[in-house]
Every structure is written in C-alpha cells, then in structure tokens.
Amino acid sequence: MADRERLELVTLETANTEAEARVIAAILQADGIPVYVQGDSLQDEFAISQRAMNLSAVEVRVPRACLEDARAALEAHRSACDETEESPDDRG
C-alpha cells in the first residue's frame, strides 16, 4: 500500500495558467516535494493552442504520500507573502 501511495499522483491545485502552475511547482520543489505539472509531456496541436490561449486549466499533481506536506508548504508560502504585503494603513 505504501508503494502505491508513493506512485499515485493526486491533484493538489488547479492553476489558471501554466505560469501559475510553474510557480506552485517551484515552491514545492524548493521544499523537496516531487511535483508533476500536467502537460509537461508532448501534446497534440489542439491542446497546445488551448494552453497558449489560457483556455485550459493546468493541474499540479503530487504523490498521494506527499499531499499533506505539499498543502502545508503552499500555505506557509502564501502566509509569508500575505505578511510582506503592505496594508493601506501602513502607507502613511
């Protein structure tokens, strides 16, 4: 069962663009979490055109065994980004 969990990919996030998916993947990879971005392999021309026009969402997948770690890594990153954003009251 543990081997199956390591090999089974589950969707962590569905990004609106390939660029957004790449950012998510980079955050996870920096934490040592294996990640697969849908569409990394060869595609047909229709799929490529849909992706180029941002008409299809991009799934970011991780091994099932890493799902909780991946969620925690993204949450930590988003929290850190929220803390560094300047609030309207801080502008003076």
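Angles between axes count as roughly parallel under 35 degrees, roughly antiparallel over 145, roughly perpendicular from 65 to 115, and oblique for the rest. This is a predicted model, in which local features need pLDDT of at least 70, side-chain atom pairs count only at pLDDT 80 or more, and totals for chains, interfaces and linings use all residues. Residues are numbered from 1 along each chain as its sequence is written, and side-chain values use heavy atoms, leaving out hydrogens and water.

**Exercise 1. Work out how helices H2 and H4 are oriented to each other.**

Step 1: Axes are lines fitted to C-alpha atoms, for helices over the stretch in contact, with angles from 0 to 180 degrees between N-to-C directions.
Step 2: The axes of H2 (residues 18-30) and H4 (residues 67-84) come within 10 Å and cross at roughly 110°.
Step 3: The two helices, H2 and H4, are therefore roughly perpendicular to each other.
Step 4: Ile24, Ile27 and Leu28 of H2 make the contact (heavy atoms within 4.5 Å) with Ala70, Ala73, Leu74, His77 and Arg78 of H4.
Step 5: Sorted by class, the contact of H2 with H4 has six nonpolar residues, one polar and one charged; here Ala, Val, Leu, Ile, Met, Phe, Trp, Tyr, Cys and Pro count as nonpolar, Asp, Glu, Lys and Arg as charged, and the others, Gly among them, as polar.

**Exercise 2. Is glutamate 13 buried, partly exposed or exposed, and what does it touch?**

Step 1: Look for glutamate 13 in strand E1 (residues 9-15).
Step 2: Buried means under 20% relative accessible area, exposed over 50%, and partly exposed in between (1.4 Å probe, protein chains only).
Step 3: Glutamate 13 counts as partly exposed because its relative accessibility is 22%.
Step 4: Leaving out residues up to four places away in sequence, glutamate 13 touches Ile24, Val58, Glu59, Val60, Leu74 and Arg78.
Step 5: The side chains of glutamate 13 and arginine 78 are joined by a polar contact of 3.2 Å. Such a contact is a pair of N or O atoms within 3.5 Å; within protein, one must be able to donate a hydrogen and the other to accept it, and residues adjacent in sequence count only if both atoms are side-chain atoms.

Terms used:
Helix = DSSP H or I, 4+ residues; strand = E, 2+ residues; numbered from the N terminus.
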